[in-house]
Amino acid sequence: MSELIPVPDDFEACVQHAIDQDGKARSLVERAVERGVERVYLVGCGGSHFGTYPAFDLLDRYASGIVSQRITSAELTSRAPIGLNEKSLVVAASHSGNTPETVAAATFAKERGAIVAGISRQGENGLSQIGDVHLDYPDTISITEPKLVHNEQVAAALLDAFGAPEKASELRRGIPALPGALRAVKDEVAEAGERVADLLSAADAPLSYIVGGGPAYGMAKMMAWCYFQEMSWMNSAAINAGDFFHGPLEMVLEDTTVVTLVAEDASRELGERVVRFAEKQTRNSAAVDTARFTLPGIPAESRPDLSVLALMSAERRVLDHVAARRGHDTSQRRYMYKIAY
């Protein structure tokens, strides 16, 4: 068994680097408002797309007078939404800044007259060149959390502009504490991480169901598709907690692995309901629940929505536990970056 890799020394600095760019996010939204923005598209592929779920949830629940949509990069260009025009703000994310579908989506949006913000690593890349604003972070392994922060910053600025300044202030009171709070999560998730590693390392665990409700469904997709399928070569399926009791529950037997992701936002009960069912119906149930994390420095009023960011940070550390137990190199790929498709 491989040893658990250490949390990168630059983790907190990377998150702080993103936090320090809040002024750029506010300026971006101010420009969009001056132009009469009516729609916001949160765009990306894979993990960069799944990381938009928390920001979309905030905008969909609280921002009045503006339409928000999260959409994969290839869908944006193939569907060509009728609302994509000069009154649109497109926030396109890609770690490398060069993901072909995302660069194409950003280019397409610019051609339609939209204001485009790129979220990617530091340096010159496709998104940094195309976007009107480049929200960046150091090129390091700590890539998930900075992208989440940038999306939250854009969401907070839009909430300010579209009827929910109190919610924006609530978020901003907690965001400065994220570097330390998320670093604490990496240690505090160890017990849950070992439990998931136990389940996924068993010889008779051919498939895992990863369940999350509301914005946690995006986190479930990240865990099942990016961390377990792509990076670990394991069969795993992401299920929306709101859909779980309308079909998927019938596939749960006493040896079925069910991992439920639960944050403290308004959709928490959706996940709790799955946990209660799984704990009764299978011996292979596990939960990653942010209520068990201290999140030091995060005010109580900021915690429900920011807990979703903590959930994604936690599950990234769960991957480390699973990889160490299985001795699997998560940088390996069969097809990505290797063949044309």
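Leaving aside neighbours within four places in sequence, which residues is Leu158 in contact with? The partners are Val29, Val40, Leu59, Ile66 and Leu89, where contact means heavy atoms within 4.5 Å. This is a predicted model, in which local features need pLDDT of at least 70, side-chain atom pairs count only at pLDDT 80 or more, and totals for chains, interfaces and linings use all residues. Residues are numbered from 1 along each chain as its sequence is written, and side-chain values use heavy atoms, with hydrogens and water left out.

**Nonpolar cores**

- Leu158 belongs to the residues with the most contacts inside the largest nonpolar core, along with Leu89, Val154, Leu178, Phe228, Leu261 and Val288.
- That core has 85 residues.
- A second, separate core has 16 residues, including Val43, Leu76, Val103 and Ala109.
- A nonpolar core is a set of buried Ala, Val, Leu, Ile, Met, Phe, Trp, Tyr and Cys residues joined through side-chain atoms within 4.5 Å.
- Buried means under 20% relative accessible area, exposed means over 50%, and partly exposed lies in between (1.4 Å probe, protein chains only).
- In soluble globular proteins, nonpolar side chains tend to be buried together.

**Asn151**

- Asn151 sits in helix 8, residues 144-161.
- Helices (H or I, at least four residues) and strands (E, at least two) are DSSP runs, numbered from the N terminus.
- Asn151 has a relative accessible area of 4%, so it is buried.
- Beyond its neighbours within four places in sequence, Asn151 is in contact with Leu42, Gly51, Thr52, Ala55, Val91 and Ile119.
- Ala55 is 96 residues from Asn151 along the chain, yet their C-alpha atoms are separated by 5.8 Å.

**Cavities**

- The structure holds two cavities of 30 Å³ or more.
- On a 1 Å grid over the protein atoms alone, a cavity is a set of points where a 1.4 Å probe fits but cannot get out; lining residues have an atom within 4 Å of a point.
- Grid points are joined across faces, edges and corners, and a volume is the space filled by probe spheres set on the points.
- The largest cavity has a volume of about 40 Å³.
- Its lining is made of Pro54, Asp57, Leu58, Glu152, Pro215, Asp265, Asp305 and Val308.
- Ala, Val, Leu, Ile, Met, Phe, Trp, Tyr, Cys and Pro count as nonpolar, Asp, Glu, Lys and Arg as charged, and the others, Gly among them, as polar.
- The second largest cavity has a volume of about 30 Å³.
- Gly213, Ala216, Leu261, Val262, Ala263, Asp265, Ser267, Arg268 and Gly271 line the second largest cavity.
- Strand 8 (257-262) and helix 13 (268-281) each give at least two residues to that lining, which has four nonpolar, three polar and two charged residues.

**Second largest pocket**

- A pocket is an open set of grid points with protein on both sides within 12 Å along at least five of seven lines.
- The second largest pocket holds about 160 Å³ of space.
- Residues lining this pocket include Glu188, Arg195, Ser285, Asp289 and Phe293.
- Helix 11 (190-201) and strand 9 (285-289) are the elements that give two or more residues to the lining.
- Strand 9 has the largest share, five residues.
- By class, the lining has six nonpolar, one polar and five charged residues.

**Positive phi**

- Most residues other than glycine have a negative phi.
- Trp233 has a positive phi, near 60°.
- Trp233 lies in the loop between helix 12 (216-230) and strand 7 (236-240), and is partly exposed at 30% relative accessibility.
- Leu295 also has a positive phi, near 45°.
- Leu295 lies in the loop between strand 9 and helix 14, and is buried at 4% relative accessibility.

**Cysteines**

- The structure holds zero disulfides; a disulfide is a pair of cysteine sulfur atoms within 2.5 Å.
- The closest cysteine sulfur to that of Cys14 is in Cys226, 19 Å away, so it is too far for a bond.
- Cys45 is in no disulfide either, as its nearest cysteine sulfur, that of Cys226, is 10 Å away.
- Cys14 is buried, at 2% relative accessible area, whereas Cys45 is partly exposed, at 26%.
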